[in-house]
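Subject: Structure for your review

Hello,

Here is the structure I said I would pass on. Please look it over with the notes that follow.

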Amino acid sequence: MIGVIDYGVGNVRAFVNIYKRLNMECQTIHCGDELKVVDKIILPGVGSFDYAMSKLNNSGMKDQLTKLVLDNKIPVLGVCVGMQMLLNKSEEGKLNGLGWIDGVVKKFVLSDQNTTPMPHMGWNAISKIKDHRIMTNLDNQSRFYFLHSYYVDCKDGNNVLAAAHYQNDYACIINKDNIYGMQCHPEKSHHNGIQFLKNFGEL
């Protein structure tokens, strides 16, 4: 059972609808008791880092999520701000992140605001850096939909599975053990996003 964490942030229903079309069991998770039935977790997120972290902190699910991910080794996928929350902290806010992957979230520093608008919004290709099962049946330079002004900077480069380019190269898919993050929105990325979510569900 794939559980999509509904803590008031993120396009939860879109993930559930995709897995329904894939005939893979999936449900929204609103409280700690519902986490007992899941064997994979999706942590969506949109908006600011501190807002999303405060919503998760106040949901009553954070400690149980941490136990499931770090102790029970249940696979988790953080999406967009949900990915950024996997790291230690963000330049966007003051709250601590989950700290499941060592690193920080940084703001894009652009040399020419006129030619490189902010936020980074729209379709962009991703470049594979490492082979991994979660990238099965995705071509190098597959296109995904992005919407963000901050990017993750992992302390250990071995945690980076794929990169995208916006002014500079940056990590867009990361992994450490059972923990995965994706900066782009697979739920808005048509067939490539569906394939990625299918791969995660089959891990």
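Predicted model: local features only at pLDDT ≥ 70, side-chain atom pairs only at ≥ 80, totals over all residues.

Aromatic pairs

The count of aromatic pairs comes to seven. One of them joins Phe108 and Tyr170 edge-to-face, with 5.3 Å centre to centre and 80° between the planes. Phe108 sits in the loop between S6 and strand S7 (120-128), and Tyr170 is in strand S11, so this pair ties together parts that are 62 residues apart in sequence. Phe108 and Tyr170 are both buried. Trp123 and Tyr145 also form an edge-to-face pair, at 6.0 Å centre to centre and with 70° between the planes. Trp123 belongs to strand S7 and Tyr145 to strand S8 (residues 143-148), so here the parts tied together are 22 residues apart in sequence. There is also a cluster, in which ring pairs link Phe108, Phe146, Tyr151, Tyr166 and Tyr170.

S12 pairs with S4 (76-79) in the parallel sense, over four bridges. Within that pairing, Gly78 stands opposite Gly181. With strand S11 (residues 168-176), S12 pairs in the antiparallel sense, again over four bridges. Here Asn175 is opposite Tyr180. S11 and S12 make a hairpin with two residues between them, and Asp177 in the turn has a positive phi of about 55°.

Leaving aside residues up to four places away in sequence, His185 touches Gly45, Val46, Val79, Cys80, Tyr145 and Leu147. Tyr145 is thus a contact of His185 as well as the ring partner of Trp123.

Helix H3

Which residues of helix H3 (residues 62-71) are buried? They are Leu65, Leu68 and Val69. These three cover an arc of only 90° around the axis, which puts them on the same side of H3. An α-helix has 3.6 residues a turn, so residues three or four places apart point the same way. Asp63 and Asp71, on the other side of H3, are exposed.

What do the buried residues of H3 pack against? They pack against strand S1 (2-5), strand S3 (40-43), helix H2 (49-57), strand S4 (76-79) and strand S12 (179-182). S4 and S12, listed there, are also the strands that pair in parallel. Following H3 is Lys73, which has a positive phi near 60°.

An exposed loop residue

Lys94 is in the loop between strand S5 (89-90) and strand S6 (103-107). Its relative accessibility of 81% is why Lys94 counts as exposed. From Lys94 to Ile5 the separation is 89 residues in sequence and 23 Å in space, C-alpha to C-alpha.

Regards

Technical notes
Residues numbered from 1 in each chain as written. Heavy atoms only, no water. Buried < 20%, exposed > 50% of the residue type's maximum accessible area, 1.4 Å probe, protein only. Arc of directions from axis to C-beta. Contact = heavy atoms within 4.5 Å. Pairing = 2+ DSSP bridges. Phe/Tyr/Trp six-rings, centres within 6.5 Å; stacked < 30°, edge-to-face > 60°.
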